Amino acid sequence: MYHYRTATPTDANSLQQLLNTAFDRVNSPPIASTFFSNPNCYPLVVTHHNKVVGTASVHFIQKIDRLLAQIEDVAIVPEHQGKQLGKQLLHQLIAEAKARGAYKIILNTAPSTTPFYKKLGFEEAEVQMKIKL
């Protein structure tokens, strides 16, 4: 049985391992101590037998006249993929963004995962630009 809940500081090590594996990170910095208490962040985990097997978060950015939501770090351990866990996490994040009054939700993804997000109602829009710091 799977359980969905808000992430807590006790999940930090499990989340770090999950994200390192999911995004091929090596020697990534530890999760910021303020991450779990940040009111502009809504991090979720999904557990199976009390072990974190998935995560996703939505971050809120107050623009001049509107609230923007950005989904980050959607990851499910490989053994639990294909069981609708990511879909359920995203539905909860979308509901939270609506409840807080966000005018849109954005996210970045790899081309290979675009079909997953399209099934949830996301559409390709605009072009992302970045500078690595």
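Below, some of the terms are set against their cut-offs.

Reply: Gladly! This is a predicted model, where local features need pLDDT of at least 70, side-chain atom pairs count only at pLDDT 80 or more, and totals for chains, interfaces and linings use all residues. Residues are numbered from 1 along each chain as its sequence is written, and side-chain values use heavy atoms, with hydrogens and water left out.

Me: Why is the pair of Phe 35 and Phe 36 called edge-to-face?

Reply: Rings of Phe, Tyr and Trp (its six-membered ring) pair if their centres lie within 6.5 Å; planes under 30 degrees apart are stacked, over 60 edge-to-face, and the rest tilted. Here the centres are 5.1 Å apart and the planes stand at 80°, so the pair is edge-to-face.

Me: And what makes Phe 36 count as buried?

Reply: Buried means under 20% relative accessible area, exposed over 50%, and partly exposed in between (1.4 Å probe, protein chains only). Phe 36 has 17%, so this residue is buried.

Me: How do you know whether Phe 116 and Tyr 117 are buried, exposed or partly exposed?

Reply: Phe 116 has a relative accessible area of 31%, so Phe 116 is partly exposed. Tyr 117 has 9%, so Tyr 117 is buried. These two also form an edge-to-face pair, with 4.9 Å from centre to centre and 75° between the planes, and together with Phe 122 they make one aromatic cluster.

Me: Which residues does Leu 90 touch, apart from its neighbours within four places in sequence?

Reply: Contact means heavy atoms within 4.5 Å. The partners of Leu 90 include Phe 116, Tyr 117 and Phe 122, as well as Ile 71.
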